[in-house]
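Please keep the model at hand while reading.

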Amino acid sequence: MAFRHSNGVRLRQATPADADHLHSWDDEPHVRAATSDDAESGFDADWHAELAPRDDGTEFLIAEVDGTPIGAMQIIDPARERTHYWGAIATSLRAIDIWIGDVSYLGKGHGTEMMRQALDRCFSCPDVTAVLIDPLASNERAHRFYRRLGFRFVERRRFDAESDCFVFRLDRADWRRQD
């Protein structure tokens with residue numbers, strides 16, 4: 001299933017066939033910088049396992065421009081996802097992870113369009129009251145990006161030993177004002 005697209009961006013469900021793109025993007029310096037304060041570590045997921053079908057409230061999407069994969073997103077029901085990363089949390093929330101893997105697509109509005117489509121998807125569920133995002137505290141570019149989309153800073157939070165993050169929240173009422 002594909003979702004509404006604009007500016008050439010189309011979101012589709014990720015499949016195990018996308019694992020190679022995701023693995024290659026994990027090695028990109030800008031992806032590593034956005035996923036870890038340690039430039040040597042970054043985000044090294046087992047994408048074949050992550051993309052296997054499951055029912056834990058996590059949806060993986062691939063962003064394409066003219067049929068070319070450029071990035072990925074996760075839309076997460078943080079109350080249901082299997083790792084309980086967010087801890088005890090209300091069932092009316094969603095969380096989003098986003099990254100553009102191909103550096104040549106950065107700074108062209110594709111990330112904004114990806115977020116708009118993901119937020120539309122989140123808020124299409126009437127029970128969802130807000131969306132959370134958790135960029136690294138050191139990722140000032142991401143902070144500016146989320147603030148432009150209407151997200152508000154909530155807190156600084158350490159999710160694990162390596163993740164010093166800022167939590168931002170976008171309430172449904174604030175999203176509606178942008179439409």
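Is F168 buried or exposed? F168 is buried, because its relative accessible area is 0%, and buried means under 20%. The model is predicted.

**Overall layout**

The chain has 179 residues, and 48% of them count as buried. It contains six helices and seven strands. Along the sequence they run β-α-α-α-β-β-β-α-β-α-β-β-α. Among contacts with a separation of 6 or more, 61% join residues 24 or more positions apart. The accessible surface of the chain is about 9,100 Å². Carbon and sulfur atoms supply 49% of that surface.

**Aromatic pairs**

The structure holds nine aromatic pairs. Two of them share F168, as tabulated here.

| Pair | Centre to centre | Angle between planes | Geometry |
|---|---|---|---|
| Y146 and F168 | 6.4 Å | 45° | tilted |
| F153 and F168 | 5.8 Å | 80° | edge-to-face |

Why does the pair of Y146 and F168 count as tilted? The planes of Y146 and F168 stand at 45°, and stacked needs under 30 degrees while edge-to-face needs over 60, so the pair falls into the remaining class.

Y146 sits in helix α5, residues 140–148, and F168 in strand β7, residues 163–171. The pair therefore ties together parts that are 22 residues apart in sequence. Both Y146 and F168 are buried.

The pair of F153 and F168 also links distant parts of the chain. F153 belongs to strand β6, residues 152–160, and lies 15 residues from F168 in β7. F153 counts as partly exposed because its relative accessibility is 40%, between the limits of 20% and 50%.

Which residues make up the aromatic cluster? F145, Y146, F151, F153, F166 and F168 form one cluster.

**Helix α5**

Conventions
Residues numbered from 1 in each chain as written. Predicted model: local features only at pLDDT ≥ 70, side-chain atom pairs only at ≥ 80, totals over all residues. Heavy atoms only, no water. Phe/Tyr/Trp six-rings, centres within 6.5 Å; stacked < 30°, edge-to-face > 60°. Helix = DSSP H or I, 4+ residues; strand = E, 2+ residues; numbered from the N terminus. Buried < 20%, exposed > 50% of the residue type's maximum accessible area, 1.4 Å probe, protein only. Contact = heavy atoms within 4.5 Å. Areas by Shrake-Rupley, 256 points an atom, 1.4 Å probe, with all protein chains shown as cover.
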